Amino acid sequence: VQLQASGGGLVQGGGSLRLSCVASGTIADINTMGWYRQAPGKQRELVAYITRGGFGNYADSVKARFTISRDNAKNAVYLQMNRLNVEDTAVYYCNADLRPRYSDYPRAYWGQGTQVTVSS
């Protein structure tokens, strides 16, 4: 089982980016999926998460600017980021609470991270 994130890059302040993350492998169930980020010298923080039923929850710093969504058929989660500012610069990691077919229990899986850089 692995999570593959993509979509990061360099963007000017006020611009937009869309991150994607796809889980692959022998997957039985995926519960909550989400995005975290880690800026240089800072701890990793939750950006947003979405339940299997589509309920999203956001960090205060990104509310009204970011939108999380998922496609359960594709085992994918997305993060649409609008009105980006320099404080959003970080490595973004996708996360999934996932149960492989060979396990009776779910656990957290992480993607490899994708860099988002916002210039002023």
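Reply: Buried here means under 20% relative accessible area, exposed over 50%, and partly exposed in between, with a 1.4 Å probe and protein chains only. Strands are DSSP runs (E, at least two residues), numbered from the N terminus. The model is predicted: local features need pLDDT of at least 70, side-chain atom pairs count only at pLDDT 80 or more, and totals for chains, interfaces and linings use all residues. Residues are numbered from 1 along each chain as its sequence is written, and side-chain values use heavy atoms, leaving out hydrogens and water.

Take strand 8, residues 76-81. It is largely enclosed by the rest of the structure, because 5 of its 6 residues are buried.

Now its partners. Two strands pair if DSSP finds at least two bridges between them. Strand 3 (residues 17-24) runs antiparallel to strand 8, joined by 6 bridges. Here Val22 stands opposite Ala76. Strand 7 (residues 66-71) is also antiparallel to strand 8, again with 6 bridges. Arg70 of that pairing faces Val77. Strands 7 and 8 form a hairpin with 4 residues between them. In the turn, Asn75 has a positive phi of about 55°.

Next, the core. A nonpolar core is a set of buried Ala, Val, Leu, Ile, Met, Phe, Trp, Tyr and Cys residues joined through side-chain atoms within 4.5 Å. The largest one has 31 residues; Trp35, Leu79, Met81 and Tyr92 touch the most other members. Strand 8 is among the elements that give two or more residues to this core. The largest share, 5 residues, comes from strand 9.

Finally, Leu79. Contact means heavy atoms within 4.5 Å. Not counting residues up to four places away in sequence, Leu79 touches Leu17, Arg18, Leu19, Trp35, Val47, Ala48, Phe66, Thr67, Ile68 and Tyr92.
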